[in-house]
Each structure stands twice: as structure tokens, then as C-alpha cells.
Amino acid sequence: LDEQHLVTVTFMVADVIELPPQATQMVMIVRAPVGYSIILSDDLMDVRDSSFLVEDLTATNGEGLRMRSLPFILDLEESNERKIQVGLPGLRRMAMDLEFRILFQAVTPSKHAVRVRDDLWVVEITDDYKLQQQLVSQQKGSLDDFELLSKVNFTVATPRAPPEVVIELEVTLFDLGEKSEYPNRVDVYAPAGYKFLLSCFAPGERERLKKNLVSCRERWTLFNGNYLSGAILMAADNGVLPSDMPMTIKLLASTPPLTPERNYFFVVTKQREGDAGWGMTTEAFPITPMPVTIRYTGVAGAEVPLFMALQIRYPLEWGGHLHIAAPLLYQILCPIDKILLAPDDFRLPNCTHEDPVLNGCFGLPIVGDPDPNPLLPLCDPLHEIILTFELPWWGNLDPEEFPDLPPIAPVALQG
């Protein structure tokens, strides 16, 4: 409901249609059910037939072919938000063995209350002469309206998402559609690679949500062409009500090794009669082994402070390293001169641009090269550094024999 979609109407004529001598062009009319709003724009429309196939430059899969396009003229005077009327100049015959197709954009009804039960899409084939004489269309067909679902408004968040571990997902439901469609079951589907636990409630959630949800079970489902792991949430006797919104549900799921290419979460709500609503979020969090935040003032050609905050997954032992690489034309300068937030026993690491671990600008022209290869990007040798957390010199001494020396943490960085 209340979304813009591409509508494709494909049909075949029941009998051959010839353009009569009194007419100048055939006319195709499409009427939408009550509540729809058709977007009247030549750029968002196309009329096609199956006489032969042409290359589809927009195709991302398949053979990359589509029906050929036909010239058409959108009649804006006769068209409105529920009706499209297009003239087909040059088309004098519509054969029975050809498929015809019209594509256009339309906005679905905002809510079920404005729709008419058992409403129809109607397609008419006529010509300009019959329209002028107010004669009946030569051929007319209809099809049932689509099954429209309410929109589910939700978000998914997590404080950390390392690879291949069990994390706690916070699913917040803000709106589940119209009041009459509030469900007795809510399904949450994660992107490919995720897997909800068999009993997917986080600790304490079953007790906290017992008035609304009685169980959470993992189930694999073929959804949107992929097998996805879903958390099936069964509602209590009263179901999930509008007064319960927003509702936050904490679920347990294992993460994939890499961020999925289609990193989308889905929510589908169900009633006893079937699906009631659905929603999708395309702004899900990435899989990050080490969350890092970098801030600096974006002024070209200037030396500015750079602040970096990181959360490491495992402790870093003394003698360990951090490799930091910026884009090729940046410079990261040593030494590190300020720590804003760290444990009391934190020790500043050594910083260097010269280490065999660093890639440097191997094989790339360096900034200032008088004759760089134009096919390769320029590189500044100072664009990466190595930070080494060396154990202080008194680290191997017995603290009981030297009580005045500062204490040393067991690891350089705590995970």
C-alpha cells in the first residue's frame, strides 16, 4: 500500500484487429481500480509487442533481451490518475499470435478503506474514429486487482556485528499497518548467510514480551527467490496491538563471514487468512571484524588532526601491531601525540612509515615523479603507518622488587 510501483500489463487479442479506413491510429486504454494514482509521464512508460526481441540495456540477469518498443503518444487530455489513453501511430494490425505489453508507474492506494472489493484492471483496444463517434471498443479485457499488503515500518540494529558469531539483534516495530490487520504472527527474515538460533529470543525476552509474543522459532523459508533464515514470532491471544507500538524485540542470530551482497531484512505479518503486511529495510548494518570510526577536517592540502576510535574483537598482546592505511594521496604523520579515551595503564605505541610489512607505493608512481605512468594512480609513501605496542623496559621485572615502577596491563589492547 501507498508505494510507487512499475505496473506491467501483458495481453493478447482474441481476434485480429485491423485499423478501419476512417481511423488514423489505434488507441489503447488502461483503467486502474479505485485508489490507484497513475503517473502520467512519457519517460516512465513504454508500449511493446513480441514481433521480435531487442537488447535490454537495463537487464541485470537473464539473456538481456526484451520485446521491441512501439511508438506511442500519451493523450494527456483524456488521461487521468486512473486512466491511461495512448495512441499507437504506425500500428495498423494487431495479430492474435503476438503479445502486447504496456508498462507504466502507479502509486498504490494509501489504505484498504479507499479500495473497492473485487475491483478490476481494464484494458481496451479501439481507435480514434470510434472514440470520436462514442462507439464501443472492439476488444476489452479485465483482470482482478493485485493483493496489496500494508507496509511494516521497522528497524534492525546491533551494537556489534563481528563475523561468524552469535549476536543480539534489536528489531523495533513502529507500525504494522491498519488496525484491522494487526497480526497473530510476525516473521523476521535476515539476509542470506545469517541464521537465527532455534530458540531465537534473547535471554529475558520471553518473560518481558509474554503478554504479546509466546514463542520464537527459527524456520528456513524461500523468500524473494532465496532461502533465508527466519524468526517466527507467534503472538499471544490478544495478538500484537497498535497500542503496543513501538515494540522492541531482541533476537539471537549467527552472522555470516562477510556482509551479504543483498543486505536486506524483511518483516512479514500474518493473520489467519494469510499475509497481512510486509516491510523491508535496505540500511542494515555491515559485518565488521573491527568497528572503526575516523574523523578529521576535510580541508584540501592542509595538515589537520585525525581522530580514530576502534573496538577490537580479541586482545592485542604486547609486541602486536596495528596497520593503518589511508587513501593513496593522503599522508599520516608520526608520532601519535594525543589519546582522548583509553585505560589508565595505556601505553602509546611506536609509529613508523618504514616497515617491511607496509606495501608502500610498490609499483606505483610517487607524488612528484616528473614522468608518471598516466595509467596508474599516484601514491604518497606516507599514506600508511605501523603502530607497534612494545612492552616497556620494566615489563619483565618483578613488581614486588620494584614497587615504584608504573603498573603494566597484561595486554596492550583489551578486546
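This is a predicted model: local features need pLDDT of at least 70, side-chain atom pairs count only at pLDDT 80 or more; totals for chains, interfaces and linings use all residues.
Residues count from 1 along each chain as its sequence is written. Local features need pLDDT of at least 70, side-chain atom pairs count only at pLDDT 80 or more, and totals for chains, interfaces and linings use all residues, while side-chain values use heavy atoms, with hydrogens and water left out.

**Exercise 1.** Find where Thr 108 lies, and work out what it touches.

- Start with the strands (DSSP E runs of at least two residues, numbered from the N terminus). Thr 108 sits in the loop between strand S10 (100-107) and strand S11 (120-127).
- Next, check exposure: buried means under 20% relative accessible area, exposed over 50%, and partly exposed in between (1.4 Å probe, protein chains only). Thr 108 has 8%, so it is buried.
- Now list its contacts (heavy atoms within 4.5 Å). Beyond four places in sequence, Thr 108 touches Leu 1, Asp 2, Glu 3, His 5, Gly 35, Tyr 36 and Leu 148.
- Finally, look at Asp 2: the side chain of Thr 108 reaches its backbone nitrogen at 2.8 Å.

**Exercise 2.** Is Leu 358 buried or exposed, and which residues is it in contact with?

- Locate Leu 358 in the loop between strand S26 (350-352) and strand S27 (384-388).
- Its relative accessibility is 12%, so Leu 358 counts as buried.
- Skip the neighbours within four places, and Leu 358 is in contact with His 323, Thr 352, His 353, Glu 384, Ile 385 and Ile 386.
- Take Glu 384 from that list: it is 26 residues from Leu 358 along the chain, yet their C-alpha atoms are 7.3 Å apart.

**Exercise 3.** Which strand gives the most to the nonpolar patch?

- Collect the patch residues: Met 290, Val 292, Ile 294, Tyr 296, Leu 306, Met 308 and Tyr 330. Together they have about 590 Å² of accessible area on the surface.
- Pick out the elements giving two or more residues: strand S23 (292-296) and strand S24 (306-310).
- S23 comes out on top, with 3 residues.
- Val 292 lies in S23, and its relative accessible area of 39% makes it partly exposed.

**Exercise 4.** How many residues are in the largest nonpolar core?

- The count is 34, and the residues with the most contacts inside the core include Leu 173, Phe 196 and Phe 265.
- Strands that each supply at least two residues include S14 (153-157) and S21 (265-271).
- Another core, of 33 residues, lies apart from this one, with Met 26 and Ile 84 among its members.

Methods: Helices (H or I, at least four residues) and strands (E, at least two) are DSSP runs, numbered from the N terminus. A polar contact is a pair of N or O atoms within 3.5 Å; within protein, one must be able to donate a hydrogen and the other to accept it, and residues adjacent in sequence count only if both atoms are side-chain atoms. Patches are made of residues with over 30% relative accessible area and no salt bridge: like charges are joined within 9 Å, nonpolar side chains (Val, Leu, Ile, Met, Phe, Trp, Tyr) within 5 Å. Accessible areas come from the Shrake-Rupley method with a 1.4 Å probe; for residues, only the protein chains shown count as cover. A salt bridge is a side-chain nitrogen of Lys or Arg within 4 Å of a carboxyl oxygen of Asp or Glu. A nonpolar core is a set of buried Ala, Val, Leu, Ile, Met, Phe, Trp, Tyr and Cys residues joined through side-chain atoms within 4.5 Å.
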